[in-house]
Amino acid sequence: MTRFSLSHTSPILCLRPMHLLETCYQRQYAYRRWGKSFVQHLDEIGVLGPWLTCAHMVWVDEADLALLAERGVGIAHNPSSNLRLRSGIAPIAAMSQAGITLGIGLDGHGLDDDQDYLREMRLAWTLGNQPRASSPSLEAQTIWQMGTVGGRRITLGEDIPLGCLAKNEMADLVLVDWGAIQGMWLLPAPDGLLRRATRQHVKHVMVNGDWVIWDGQSSQINEGEIIARLQEQLGQQNIAELEGQAKDSRSLAHYLRSFYAEWDNQ
């Protein structure tokens, strides 16, 4: 059997992202095709390793979590995307408990299309704490870890000096209006920050020592000019053609749903 050989010489170039087990049908396909889980199959052919980051993993078998942790596989959790696409809720508390490195992503599908990463972290925290007293719990600090150091590890690699405020790290920081976040009710950080903060509370942002946002405005680009150009280009689109394409897509949806509905009954 052919096995993959993936070098691990560069922390950036070695990382491979893979969307995996986003839907229940992917999980079913693996058992139909190989008689085992997707994770077990990928391990069998040598794909699993610290070079691999798997996005979503909503339908992962919990029995495979220890194997993923042992192989050093990272997981990118995308809670909004998973909800919007009706994929489900990933068991990130169990993943964290198993020792898997986790990050949080938006996948271009925020619940309200505003790409608010602070809100995405809050959603990950809320959904991650599942019903039943026997379910593992996620602390706020774990979510902050996912959104900083964990996200760096699964995106760029272990050796990139990014994700925390420390000597010799890249000077990346986000400053928020703590008074506006607290309002009338005082809340302790980090729980209060995670529970209430949104992108509207962001005042200043530094990237690698340079201020890119100051007083809520970009210091690098003219946002108004970019928006105007985008609107101009969108206005030149052939609306009738786009509506026709959308209609064609909707006509196929019925057949796709019917096909997979048969899987639901098996």
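## Aromatic pairs

Trp 34 counts as partly exposed because its relative accessibility is 27%. This value, like the others in this report, is computed from a predicted model. The structure holds 9 aromatic pairs. In one of them, the ring centres of Trp 34 and Phe 38 lie 5.1 Å apart and the planes meet at 70°, so the pair is edge-to-face. Phe 38 has a relative accessible area of 16% and is therefore buried, since the cut-off for a buried residue is under 20%.

Trp 211 and Trp 214 also form an edge-to-face pair, with 5.1 Å from centre to centre and 70° between the planes. Trp 211 has a relative accessibility of 33% and so counts as partly exposed. Trp 214, at 44%, likewise counts as partly exposed.

## An aromatic cluster and a charge over a ring

Ring pairs join Tyr 25, Phe 259, Tyr 260 and Trp 263 into a cluster. One member of this cluster, Trp 263, has Arg 32 lying over its face, at 3.9 Å from the ring centre.

## The largest pocket

The volume of the largest pocket is about 1300 Å³. Its lining is made up of 36 residues, and those nearest the centre are Tyr 117, Leu 118, Val 174, Val 202 and Val 205. Two or more lining residues come from each of helix 6 (117-128), helix 7 (140-155), strand 5 (173-176) and strand 6 (202-207).

Helix 7 provides the largest share of this lining, with 8 residues. Sorted by class, the lining of the largest pocket comprises 21 nonpolar, 9 polar and 6 charged residues.

## The second largest pocket

Helix 1 (24-34) and helix 11 (239-264) are the elements that give two or more residues to the lining of the second largest pocket. Helix 11 gives the most, with 6 residues. The lining of this pocket divides into 8 nonpolar, 3 polar and 4 charged residues.

## The cavity

A search of the whole structure for cavities of 30 Å³ or more finds 1. The largest cavity has a volume of about 30 Å³. Its lining consists of Leu 21, Arg 27, Tyr 31, Ser 37, Phe 38, Trp 59, Asp 61 and Asp 64. By class, these residues are 4 nonpolar, 1 polar and 3 charged.

## The surroundings of Ile 89

Ile 89 is located in the loop between helix 4 (79-84) and helix 5 (92-98). Its relative accessibility is 36%, so it counts as partly exposed. When neighbours within four places in sequence are left aside, Ile 89 is in contact with Val 58, Leu 83, Leu 127 and Gln 130.

Ile 89 and Gly 128 are separated by 39 residues in sequence, while their C-alpha atoms are 8.0 Å apart in space.

Terms used. Residues numbered from 1 in each chain as written. Predicted model: local features only at pLDDT ≥ 70, side-chain atom pairs only at ≥ 80, totals over all residues. Heavy atoms only, no water. Helix = DSSP H or I, 4+ residues; strand = E, 2+ residues; numbered from the N terminus. Buried < 20%, exposed > 50% of the residue type's maximum accessible area, 1.4 Å probe, protein only. Contact = heavy atoms within 4.5 Å. 1 Å grid on protein atoms, 1.4 Å probe; cavity = no way out; pocket = protein on both sides within 12 Å on 5 of 7 lines; lining within 4 Å. Points joined across faces, edges and corners; volume = space filled by probe spheres on them. Nonpolar A, V, L, I, M, F, W, Y, C, P; charged D, E, K, R; others polar. Phe/Tyr/Trp six-rings, centres within 6.5 Å; stacked < 30°, edge-to-face > 60°. Lys NZ or Arg CZ within 6 Å of the ring centre and 35° of its normal.
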